[in-house]
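Student: I would like to learn how to read a protein model feature by feature. Could we take the general idea each time and then turn to the case at hand?

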Amino acid sequence: MLNLESFRFRISEISTMTGVSTRQLRYWEQKGCIAPMDRTDPQKARMYDFRTYVGVRIMKAFLDEGYRLPSAAEKMAGVLNDMNVFRDFVQQAFRGIDLVDGKPAVNMGPFDADGKKTLYGINDDGKIRYDVRDKQPRMGEQ
């Protein structure tokens, strides 16, 4: 899976990607709402990780909805926490894409204690459904 931890952005890039000025980003830093990555050389530009980029986007959305900075920062922290829980779940559950009834299905791992059944999430013409089946062939195999 994609390692989002490897993404790094300069303050000007975060500003461009989010529509938040560099001045505003520095202010949010002073208030403890966001934090740049540790710098080994004080002359180097501020760098932010992917999590901070997402946090800035989320916080800006809350501010645009009318929340004040402390409330927006608190709500952002909650959303980021939920995203971490979801990411951990997906990383542990995702086993690949298999074919179920000729359609791509997300293999979400064993359904029963003995591992004989597998839980699949299937996109059935835009509608998500779940099915428990014996293990199915991998995409590209048959």
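Student: With which residue does Lys-60 form a salt bridge, and how far apart are the closest N and O atoms?

Tutor: Before the answer, please keep in mind that this is a predicted model, in which local features need pLDDT of at least 70 and side-chain atom pairs count only at pLDDT 80 or more, while totals for chains, interfaces and linings use all residues. Residues are numbered from 1 along each chain as its sequence is written, and side-chain values use heavy atoms, with hydrogens and water left out. The general idea is that side chains of opposite charge can pair when their charged atoms come close. Here Lys-60 forms a salt bridge (a side-chain nitrogen of Lys or Arg within 4 Å of a carboxyl oxygen of Asp or Glu) with Asp-64, and the closest N and O atoms are 2.9 Å apart. Both residues lie in helix 3 (residues 50-64), four residues apart, which is about one turn of the helix; helices (H or I, at least four residues) and strands (E, at least two) are DSSP runs, numbered from the N terminus.

Student: Is Asp-64 buried or exposed?

Tutor: Asp-64 counts as exposed because its relative accessibility is 56%, whereas Lys-60, with a relative accessible area of 24%, is partly exposed. The cut-offs are under 20% relative accessible area for buried, over 50% for exposed, and partly exposed in between, with a 1.4 Å probe and protein chains only.

Student: How many salt bridges does the structure hold, and how far apart in sequence are the parts that Lys-103 and Asp-125 tie together?

Tutor: The structure holds 12 salt bridges. In the one between Lys-103 and Asp-125, the closest N and O atoms are 3.8 Å apart; Lys-103 lies in strand 4 and Asp-125 in the loop between strand 5 and strand 6, so the pair ties together parts that are 22 residues apart in sequence. Salt bridges that share partners join Asp-101, Lys-103, Asp-124, Asp-125, Arg-129, Asp-131 and Arg-133 into one network.

Student: What is the order of the strands in the open sheet?

Tutor: The general idea is that, in a regular strand, side chains alternate between the two faces of the sheet. In this model an open sheet of four strands has the order 3-4-5-6, with antiparallel pairing, where two strands pair if DSSP finds at least two bridges between them. Strand 3 and strand 6 (127-133) are the edge strands, since each pairs on one side only. Four bridges join strand 4 (residues 103-110) to strand 5 (residues 118-124), and seven bridges join strand 5 to strand 6.

Student: Which residue in strand 5 stands opposite Asn-107?

Tutor: That residue is Tyr-120. Asn-107, in strand 4, is buried because its relative accessible area is 3%, and its side chain makes a polar contact of 2.9 Å with the side chain of Asp-98. A polar contact is a pair of N or O atoms within 3.5 Å; within protein, one must be able to donate a hydrogen and the other to accept it, and residues adjacent in sequence count only if both atoms are side-chain atoms.
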